[in-house]
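Reader: Can you walk me through this structure? Keep it brisk, please.

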Amino acid sequence: MPRAAVQTVRFTRVFHGRADQVSQARREMARHLSACGFPRIDDAVLVLSELASNAVLYSASAGQFFTVRTELHAAYLWIECEDLGGQWELKPPDPDRPHGFDVVNALAGADGWGVDGDEGGRVAWARLEYGQ
């Protein structure tokens with residue numbers, strides 16, 4: 001299907017706030033994106049993995065739940081991972097071992113990701129362009 005003909009396609013799932021559910025979220029999103037013909041599935045899975053891992057490891061979603069949403073548009077994919085907030089401390093980047101938001105930044109670009117919200121709940125998001 002030509003990209004110009006693509007309409008916005010949405011995917012939303014709620015997962016338990018456990019580490020094993022991060023891999024489940026990756027698999028389900030990858031299946032969805034594959035069926036839609038998105039060309040950067042590996043990048044999208046890696047971005048989601050980082051966002052969902054942060055939700056499970058560093059937020060009040062641990063042991064509770066987190067929500068994954070994607071919107072596939074004609075020119076880009078929007079990925080969100082919503083957590084339940086709580087104390088959250090970003091660690092400084094490790095130049096010898098990029099991970100977390102360093103990986104998201106590398107794949108989405110400095111202006112292609114962010115975190116909105118506060119201790120009451122957050123949404124970490126990323127935008128992946130088709131052509132990158």
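Reader: What are the ground rules?

Author: This is a predicted model: local features need pLDDT of at least 70, side-chain atom pairs count only at pLDDT 80 or more, and totals for chains, interfaces and linings use all residues. Numbering starts from 1 along each chain as its sequence is written, and side-chain values use heavy atoms, with hydrogens and water left out.

Reader: Fine. How many helices and strands are in the protein?

Author: Three helices and five strands. These are DSSP runs, H or I of at least four residues for helices and E of at least two for strands, numbered from the N terminus.

Reader: And what pattern along the sequence?

Author: It reads β-α-α-β-β-α-β-β.

Reader: What share of the residues counts as buried?

Author: Of the 132 residues, 43%. Buried means under 20% relative accessible area, exposed over 50%, and partly exposed in between, with a 1.4 Å probe and protein chains only.

Reader: Pick Ala-44. What does it touch?

Author: Met-29, Leu-33, Phe-38, Leu-77, Ile-79 and Leu-128, not counting residues up to four places away in sequence.

Reader: Now α3. Which of its residues are buried?

Author: Phe-101, Val-103, Val-104, Leu-107 and Ala-108. They cover an arc of only 155° around the axis, so they sit on the same side of α3. That arc is taken from the directions from the helix axis to the C-beta atoms.

Reader: Why would spacing like that work in general?

Author: An α-helix has 3.6 residues a turn, so residues three or four places apart point the same way.

Reader: What do the buried residues of α3 pack against?

Author: α2, β4 (113-118) and β5. Just after α3, Gly-109 takes a positive phi of about 90°.

Reader: You named β4 and β5. How do they run, parallel or antiparallel?

Author: Antiparallel, with six bridges joining β4 to β5. Two strands pair if DSSP finds at least two bridges between them. A hairpin joins β4 to β5 through two residues. The bridge partner of Trp-113 is Ala-126 in β5.

Reader: Charges next. How many salt bridges are there?

Author: A search of the whole structure finds eight. The criterion is a side-chain nitrogen of Lys or Arg within 4 Å of a carboxyl oxygen of Asp or Glu.

Reader: What does Arg-13 pair with?

Author: Glu-28, with the closest N and O atoms 3.3 Å apart. Arg-13 lies in strand β1 and Glu-28 in helix α1, so the pair ties together parts 15 residues apart in sequence. Arg-13 is partly exposed at 38% relative accessible area, while Glu-28 is buried at 18%.

Reader: What is Arg-69's partner in β3?

Author: Glu-80. Their closest N and O atoms are 3.3 Å apart. Arg-69 lies in β2, so this pair ties together parts eleven residues apart in sequence. Arg-69, Glu-80 and Glu-82 are linked in a network of salt bridges.

Reader: How many disulfides?

Author: Zero, in a search of the whole structure. The test is a pair of cysteine sulfur atoms within 2.5 Å. Cys-36 is partly exposed at 30% relative accessible area, and Cys-81 is buried at 2%.

Reader: Last one. Where is Gln-64?

Author: In the loop between α2 and β2. Gln-64 is partly exposed, at 44%. Leaving aside neighbours within four places in sequence, Gln-64 is in contact with Phe-15, His-16, Gly-17 and Leu-84. Its C-alpha atom is 7.8 Å from that of Arg-18, 46 residues apart along the chain.

Notes
Contact = heavy atoms within 4.5 Å.
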